[in-house]
Amino acid sequence: MGIKTIGLIYLLLVTCAYIWAFGRDPDKARDSIKAGATSLLNLLPMLFAIFALVGLFQEFLPAEMIESVMGTGNPALSLLVGGLLGAVSIGPPLASYPIAGSLLSHGAWPPAVAAFIMSWISVGVVTLPFEARIFTWRFALVRNSLTLVAALISGLFLGGLL
């Protein structure tokens with residue numbers, strides 16, 4: 001089943017949910033549409049930037065380069081590169097998926113891609129100063145280091161499952 005089909009199924013389910021919601025409470029249904037539209041508008045610039053970045057990856061980064069850095073040739077390096085790329089990236093988890101998909105389609109090793117996604121979500125190198133101000137530097141460094149290691153290990157486990 002393709003992603004367009006899945007998207008259409010989601011759209012149909014959400015439409016049915018809104019028809020049901022309008023039948024129950026039209027005011028709340030309108031409020032939920034406004035909330036959804038606001039979320040979409042807030043997310044659009046990030047999504048546009050991510051898809052533009054994916055386009056740059058596809059046109060300017062040859063698959064051979066991605067495969068040499070994140071492919072199966074040197075699994076340890078690939079895993080580390082995937083984890084570190086995710087650690088320095090910032091944005092909602094949703095934004096990591098198209099980039100991860102592009103990396104995967106260009107020959108990246110699946111565990112490295114999994115480490116990329118997991119560290120994107122859980123490690124925050126860019127937000128480290130903010131986290132340290134709230135929780136202390138020691139806490140922020142230990143948490144981010146352990147989370148990066150967990151992302152790498154989880155990537156390896158995922159690779160064993162695929």
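Predicted model: local features only at pLDDT ≥ 70, side-chain atom pairs only at ≥ 80, totals over all residues.
Q: Noted. Which residues of α8 are buried?
A: Ala 140, Asn 144, Thr 147, Leu 148, Ala 151, Leu 152 and Gly 155.

Q: How many residues does α8 have, and how far does it reach?
A: α8 covers residues 137-161, so 25 residues by the DSSP run. From first C-alpha to last it reaches 36 Å. That is close to the 36 Å expected at 1.5 Å a residue.

Q: What lies between α7 and α8?
A: A loop, and Thr 136 is in it. Phi of Thr 136 is near 90°. That is a positive value in a residue other than glycine.

Q: Is Thr 136 buried, exposed or partly exposed?
A: Partly exposed, because its relative accessible area is 46%.

Q: And where is Pro 129?
A: Pro 129 sits in helix α7. Its relative accessible area is 46%, so Pro 129 is partly exposed.

Q: How far is Pro 129 from Ala 140?
A: Along the chain, 11 residues. Their C-alpha atoms are separated by 8.4 Å.

Q: New topic: the largest nonpolar core. Which of its residues touch the most other members?
A: Met 70, Ile 99, Leu 103, Ala 108, Phe 116 and Trp 120. The core has 19 residues.

Q: Which helices each supply at least two residues of this core?
A: α2 (26-60), α3 (63-70), α4 (75-88), α5 (93-105) and α6 (110-122).

Q: Which one gives the most?
A: α6, with 5 residues.

Q: Why would nonpolar side chains be buried together?
A: In soluble globular proteins they tend to be.

Q: How far is Ala 108 from Gly 82?
A: In space, 8.9 Å, C-alpha to C-alpha. In sequence they are 26 residues apart.

Q: Where does Gly 82 lie, and is Gly 82 buried or exposed?
A: Gly 82 lies in helix α4. Gly 82 counts as buried because its relative accessibility is 0%.

Q: What touches Gly 82, again leaving aside neighbours within four places in sequence?
A: Gly 82 is in contact with Met 70, Ala 112, Ala 115, Phe 116 and Ser 119.

Q: Let's do α5. How many residues, and what span?
A: α5 has 13 residues. Its first and last C-alpha atoms are 19 Å apart, close to the 18 Å expected.

Q: Which α5 residues are buried, and what covers them?
A: Ala 95, Ser 96, Pro 98, Ile 99, Ala 100, Ser 102 and Leu 103 are buried. What covers them includes α2, α3 and α6.

Q: What comes just after α5?
A: Gly 107, with a positive phi of about 100°.

Q: At what angle do α5 and α6 pack?
A: About 165°, with their axes 10 Å apart. Angles over 145 degrees count as roughly antiparallel, so α5 is roughly antiparallel to α6. The crossing of α5 and α6 is right-handed.

Q: Which residues meet there?
A: From α5, they are Pro 93, Ala 95, Ser 96, Tyr 97, Ile 99, Ala 100, Leu 103 and Leu 104. From α6, they are Pro 110, Val 113, Phe 116, Ile 117, Trp 120 and Ile 121.

Q: Take Ile 117. What is Ile 117 in contact with, beyond neighbours within four places in sequence?
A: Ser 96, Tyr 97 and Ala 100.

Q: Last pair: how do α2 and α5 pack?
A: At about 10°, with axes 9 Å apart. Angles under 35 degrees count as roughly parallel, so α2 and α5 are roughly parallel to each other.

Q: Which residues make the contact?
A: α2 brings Leu 43, Met 46, Leu 47, Ile 50, Phe 51, Leu 53, Val 54, Phe 57 and Gln 58. α5 brings Leu 94, Ala 95, Pro 98, Ile 99 and Ser 102.

Methods: Residues numbered from 1 in each chain as written. Heavy atoms only, no water. Core = buried A, V, L, I, M, F, W, Y, C linked by side-chain atoms within 4.5 Å. Buried < 20%, exposed > 50% of the residue type's maximum accessible area, 1.4 Å probe, protein only. Helix = DSSP H or I, 4+ residues; strand = E, 2+ residues; numbered from the N terminus. Expected span 1.5 Å × (residues − 1). Axes fitted to C-alpha atoms, helices over the stretch in contact; angles between N-to-C directions. Parallel < 35°, antiparallel > 145°, perpendicular 65-115°, else oblique. Left-handed = near helix turned anticlockwise from the far one by under 90°. Contact = heavy atoms within 4.5 Å.
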